[in-house]
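Subject: Handing over the structure

Hi there,

Here is the structure I promised to pass on to you. Please open it first, and then read my notes below with the model at your side.

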Amino acid sequence: MPFPIHRPRRLRRTEALRGFVSETRLSVRSLIYPLFVCPGSQVKSEIHSMPGTFRWSLDKLVEECKSAADLGIPAVILFGIPETKDEVGSGAYDPNGIVQRAVRAVKKALPRLIVICDVCLDEYTSHGHCGLIKDGEVDNDSTLPLLAKTALTQVEAGADIVAPSDMMDGRVGAIRKELDARGHTQIPILAYAAKYASAFYGPFREAADSAPKFGDRKSYQMDPANQREALREIALDLEEGADIVMVKPALPYLDIIALARCEFDVPIAAYQVSGEYSLIEAAARNGWVDRERTIRETLTSIARAGADVILTYYAKEVAQMLG
Ligand code: PBG
């Protein structure tokens, strides 16, 4: 006969009581702010399908990183939009490529900010795929040395963490081996371990002009129907030397985040991707949802599911909200 002895509403009565017993607290200290860097100077160009998110030229990028750091955001992840693209994605592993230059500039201005580099070829290939094309297919093994080279040039430019997002088999091992052989034994790998072939990446592909020119990414990114396979992907990446593993997207895959948290003892990252951002923006602009509450609720849910760190385009705003 629990009622009237037990009344769960007792602890919900005031803001102070609710805050006091809150099980999940968002913290600015666990946020990663994704940023797009493009050629030119004094460029801050809004991404059409991601209103409020921009492509930044190097000079502007450094200012934006500074304002993020001033808000207490510990880390940024950089995505490059190169001047030109080619079949083999040379811009990704050019020691003077857009991201390598960006890392140098940001680390020089903000040595304490954690700079993470996305390791992938898709922003740099003319065909938009994450690997080399052989006989009309994305070839796994010939792509690995290029990913390793990409990570190495980023680390040599000063990157603190590298984050492979390509989903080629064996890439974490290939990167770890290359970094270790060059003496970079202390650089962590944040592996996009359970990355699904998702419709939610649409706006990002507009931002980076990286939509595949033929076919899709289903032969390397995961099938949204699969849960057990995510655990296997994570286990493989950890065996190969990953230090942090990511689930991506976040909100449609909270079950994967929760399972990963239970099964593995490493830090789990989750990426609130471009489409998750744009959905909220579109609905908020129509007056259909309360923007700030939706941002808070989605991010709180991602943290509650078990994410230790969260990548979000809302990082600066959340820092302001929490501040
Ligand atoms: C690949 C990459 C993608 C995203 C991050 N890294 C796009 C893709 O796989 O097509 C998507 C991130 C987002 O949608 O916010 N370099």
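Let me start with helix α9, where S274, G275, E276, Y277, S278, I280, E281, A283 and A284 are buried. Buried here means under 20% relative accessible area, while exposed means over 50% and partly exposed lies in between, with a 1.4 Å probe and protein chains only. Before going on, please note that this is a predicted model, in which local features need pLDDT of at least 70 and side-chain atom pairs count only at pLDDT 80 or more, whereas totals for chains, interfaces and linings use all residues. Residues are numbered from 1 along each chain as its sequence is written, and side-chain values use heavy atoms, leaving out hydrogens and water.

The buried residues of α9 make up nine of its 12, so the helix is mostly covered. Helices are DSSP runs of H or I with at least four residues, strands are runs of E with at least two, and both are numbered from the N terminus. What covers the buried part of α9? The cover includes α6, β11 and α10 (291-305), where contact means heavy atoms within 4.5 Å. The end C-alpha atoms of α9 (residues 274-285) are 16 Å apart, which agrees with the 16 Å that its 12 residues should span at 1.5 Å a residue. That expected span is 1.5 Å times one less than the number of residues. Just after α9 comes G287, with a positive phi of about 75 degrees.

In α4, 11 of the 14 residues are buried, among them L144, L146, L147 and A148. Their cover includes α3 (98-109), β5 (114-119), β6 (132-134), β8 (161-164) and α5 (171-181). G158 follows α4 and has a positive phi, near 120 degrees.

**The ligand**

Which residues come nearest to the ligand? Of the 18 around it, they are K195, R205, K248, S274 and Y313; a residue counts as near if one of its heavy atoms lies within 4 Å. S274, which is also among the buried residues of α9, has a polar side-chain atom 2.7 Å from an oxygen atom of the ligand. Q221 places a polar side-chain atom 2.9 Å from a ligand oxygen, and an N or O atom in the side chain of R217 is 2.9 Å from an oxygen atom of the ligand. A polar contact is a pair of N or O atoms within 3.5 Å; within protein, one must be able to donate a hydrogen and the other to accept it, and residues adjacent in sequence count only if both atoms are side-chain atoms. Taken alone, the ligand exposes 410 Å², and the protein buries 100% of that. Accessible areas come from the Shrake-Rupley method with a 1.4 Å probe, and for residues only the protein chains shown count as cover.

**Q221 and S198**

Q221 sits in the loop between α6 and α7 (228-239). With a relative accessible area of 4%, Q221 is buried. Leaving aside residues up to four places away in sequence, Q221 touches M167, K195, Y196, A197, S198, Y201 and R205.

S198 belongs to the loop between β9 (190-195) and α6 (202-208). Is S198 buried or exposed? Its relative accessible area is 9%, so S198 is buried.

**Aromatic pairs**

Rings of Phe, Tyr and Trp (its six-membered ring) pair if their centres lie within 6.5 Å; planes under 30 degrees apart count as stacked, over 60 as edge-to-face and the rest as tilted. The count comes to 10 aromatic pairs. F36 and F204 form a tilted pair, because their ring centres are 5.4 Å apart and their planes are at 55 degrees. F36 lies in strand β1 (residues 31-38) and F204 in helix α6, so this pair ties together parts 168 residues apart in sequence. F36 is buried at 0% relative accessible area, and F204 counts as buried at 12%.

The rings of Y271 and Y313 are tilted too, with centres 6.1 Å apart and planes at 45 degrees. Y271 is in strand β11 (residues 268-272) and Y313 in the loop between β12 (309-312) and α11 (315-322), 42 residues apart. Both Y271 and Y313 are buried. Ring pairs link F36, F79, Y192, F204, Y271, Y277, Y313 and Y314 into a cluster.

Happy exploring!
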